[in-house]
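Biologist: Thanks for sitting down with me over this one. Could you take me through what some of the labels rest on?

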Amino acid sequence: LAKFWQVTITGLDMVKKRPELMRTFNDPNLFRHFPNAGVAEAAVVEAEGDAEWVEREVNQGFPTLNSQCSVSVWGILEAFVEDLAVRWFVERTEAWEINILEKIKIPIGPYERLGREEKAERVIRAIQDDKGSNLKAGVGSLDSVLTQLNLAPRLGNNVGKALTELGHVRNAIAHRNGQADQRLLDKCSYLPWKIGDPVRIS
């Protein structure tokens with residue numbers, strides 16, 4: 001992901017330089033022997049618009065790119081937590097002895113037709129439903145299953161704060177059209193936004 005960020009920054013820098021290069025191809029003194037070497041004016045205008053957009057991104061600290069990276073990082077964390085829980089059920093027989101399995105409800109017919117890993121995935125979804133994981137944001141959505149398996153990590157204050165902020169910022173980007181909402185401001189009151197403000201990450 002860090003490489004993606006770096007390469008994207010390099011590519012955006014090239015977009016900024018594109019209009020000047022295209023104007024060069026339209027210089028009659030440089031290409032007078034090649035009358036068809038020019039670039040259509042409409043293409044130049046479009047390139048200039050792209051360059052202006054990139055310039056705004058640069059001046060604001062690349063908020064669009066950083067927002068997309070934040071969403072990606074949170075997705076990676078969610079996938080890691082679910083994969084860890086699946087492997088725990090598959091590899092550790094004692095995982096099937098946790099108390100919550102006595103209360104979750106799973107249709108037995110479709111469940112019995114699943115493979116070993118698929119059964120673990122189905123149980124994890126049932127635990128998430130029981131604990132309302134999909135309705136939570138921040139660290140709570142990550143550790144609801146891990147807590148049941150006694151795998152929840154001990155987070156220091158700084159790490160816990162960073163994950164809480166990342167989760168709520170990601171939620172605002174993905175589900176609130178990139179605008180700060182009450183949940184974000186309640187959980188991260190130190191952030192400099194009001195309800196409805198664009199969530200810009202620099």
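Biologist: Which residues line the second largest pocket?

Modeller: Keep in mind that this is a predicted model. The lining consists of Leu77, Phe80, Val81, Leu84, Val139, Leu142, Asp143, Leu146, Ala152, Pro153, Leu155 and Leu163. Two elements give two or more residues each to that lining: helix 3 (63–91) and helix 6 (139–148). The space in the pocket comes to about 190 Å³.

Biologist: Staying with helix 6, which of its residues are buried?

Modeller: Val139, Ser141, Leu142, Ser144, Val145 and Leu146 are the buried ones. The cover over them includes helix 3, helix 5 (116–131) and helix 7 (157–175). After helix 6 comes Asn150, with a positive phi near 60°.

Biologist: Why is Gln128 called buried?

Modeller: The cut-off for buried is under 20% relative accessible area. Gln128 has 12%, so Gln128 is buried. Its place is in helix 5.

Biologist: What makes the pairing of Gln128 with Glu82 a polar contact?

Modeller: A polar contact needs a pair of N or O atoms within 3.5 Å, one able to donate a hydrogen and the other to accept it. The side chains of Gln128 and Glu82 make such a contact at 3.4 Å. Setting aside neighbours within four places in sequence, Gln128 is in contact with Glu82, Ser133 and Val145. Val145 is also among the buried residues of helix 6.

Biologist: Now the largest nonpolar core: which of its residues touch the most other members?

Modeller: Phe89, Ile127 and Leu149 do, in a core of 16 residues. Helix 3 and helix 5 are the elements that give two or more residues to this core, and helix 5 has the largest share, with 5 residues.

Biologist: What is Phe89 in contact with, leaving aside its neighbours within four places in sequence?

Modeller: Phe89 is in contact with Ala95, Trp96, Ile98, Leu101, Ala120, Val123, Ile124, Ile127 and Leu149. Ile127 and Leu149 are the residues named with Phe89 as touching the most other core members. There is also a second, separate core of 11 residues, including Ile173, Leu184, Cys188 and Val199.

Biologist: Why might nonpolar side chains gather like that?

Modeller: In soluble globular proteins, they tend to be buried together.

Note on methods: Residues numbered from 1 in each chain as written. Predicted model: local features only at pLDDT ≥ 70, side-chain atom pairs only at ≥ 80, totals over all residues. Heavy atoms only, no water. 1 Å grid on protein atoms, 1.4 Å probe; cavity = no way out; pocket = protein on both sides within 12 Å on 5 of 7 lines; lining within 4 Å. Points joined across faces, edges and corners; volume = space filled by probe spheres on them. Helix = DSSP H or I, 4+ residues; strand = E, 2+ residues; numbered from the N terminus. Buried < 20%, exposed > 50% of the residue type's maximum accessible area, 1.4 Å probe, protein only. Contact = heavy atoms within 4.5 Å. Core = buried A, V, L, I, M, F, W, Y, C linked by side-chain atoms within 4.5 Å.
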